[in-house]
Amino acid sequence: MGNLFSHANQDEQSGIPCEALTLRNEARQFLSEAQMASKQSQDEYQHGCRARAKELSIRKNALYAQMNDKNEQAAKIIFQHFNRTRPNNEIDLHGLYVNEALNYLENKMNKSRSENVLQLKVITGMGNNSPNRISKIKPQVEEFIQRNSLQATIYPGHVIINLFTSENSTTKNPSSNTDQCIIL
C-alpha cells in the first residue's frame, strides 16, 4: 500500500514529488511575471515615466526573489526525495536544475571529506527525462571535476569521484562500449 501512496504523490515519468512540481510551476509563473514587469519598466523608462519604471523594477526584483525561493524549496524536496535512502558515499542529482545540482554536489563533497569518505558516487542520470533525452547535469559535473582538478571515473549515468586526490585524471569506464577515452 505504501508504494501506491508514494506513486500517487509523484510524477510517473520523473519520480519527482508533486509538491516539488507545484513549486517549480509557481517559480515559472513568478519568472513570467518578472519578465513582464521588466519589459514594462523599460517601456515606462523610455517614455520618461521614471518613477513608474522604478516601481516596476522593484516589483521585478521581488518576483525574481519569490521565484528563487520557490525553486530552492523545490530543490530541497527533490534532493531529499532522491537521497533519503542513499548511503553516505552517494549523491543522486536527478530532478535538480544544473546550478542546484552543482551546489548540492559541492556541499556533499565537503561533508564527505570532513567525514573521511574516500570516494563519492555521483548519480547524474543519462538525460532520459530531459528534453531530447540529452543529459544536462552530467556534462556540467564532468566540467566541475576538471575545473577542480579532481580524479574521477565516468560511467554512463554516474561518476565516481576520488575525494582525496587532486590529480587531473578523469577516465571513462574502459569496460563500457561508449566514450572509451582517458582525459588527462
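## Charges over aromatic rings

Arginine 50 lies over the face of tyrosine 45, at 4.2 Å from the ring centre. The charged end of arginine 24 sits over the ring of tyrosine 97, 3.8 Å from its centre. A charge sits over a ring if NZ of Lys or CZ of Arg is within 6 Å of the ring centre and within 35 degrees of the ring normal.

This is a predicted model, in which local features need pLDDT of at least 70 and side-chain atom pairs count only at pLDDT 80 or more, while totals for chains, interfaces and linings use all residues. Residues are numbered from 1 along each chain as its sequence is written, and side-chain values use heavy atoms, with hydrogens and water left out.

## An aromatic pair

The count comes to 1 aromatic pair. Phenylalanine 79 and tyrosine 104 are stacked, at 4.1 Å centre to centre and with 20° between the planes. Rings of Phe, Tyr and Trp (its six-membered ring) pair if their centres lie within 6.5 Å; planes under 30 degrees apart count as stacked, over 60 as edge-to-face and the rest as tilted.

The pair links distant parts of the chain, with phenylalanine 79 in helix α3 and tyrosine 104 in helix α4, 25 residues apart. Phenylalanine 79 counts as buried, at 17% relative accessibility, whereas tyrosine 104 is partly exposed, at 21%. Buried means under 20% relative accessible area, exposed over 50%, and partly exposed in between (1.4 Å probe, protein chains only).

## The nonpolar cores

The largest nonpolar core has 29 residues. Among those with the most contacts inside this core are Leu93, Leu105 and Met109. Such a core is a set of buried Ala, Val, Leu, Ile, Met, Phe, Trp, Tyr and Cys residues joined through side-chain atoms within 4.5 Å. Its largest share, 6 residues, comes from α3. Domain 1 (18-81) and domain 2 (86-162) both give residues to this core, so it lies between them; the domain bounds come from an automatic or database domain assignment.

Leucine 105 touches Ile91, Leu120, Val122, Val141, Phe144 and Ile161, not counting residues up to four places away in sequence; contact here means heavy atoms within 4.5 Å.

## Helix α5

Helices (H or I, at least four residues) and strands (E, at least two) are DSSP runs, numbered from the N terminus. In helix α5 (residues 137-147), the buried residues are Ile137, Lys138, Val141, Glu142, Phe144 and Ile145. They lie on the same side of α5, because they cover an arc of only 155° around the axis.

Methods. The arc is that of the directions from the helix axis to the C-beta atoms.
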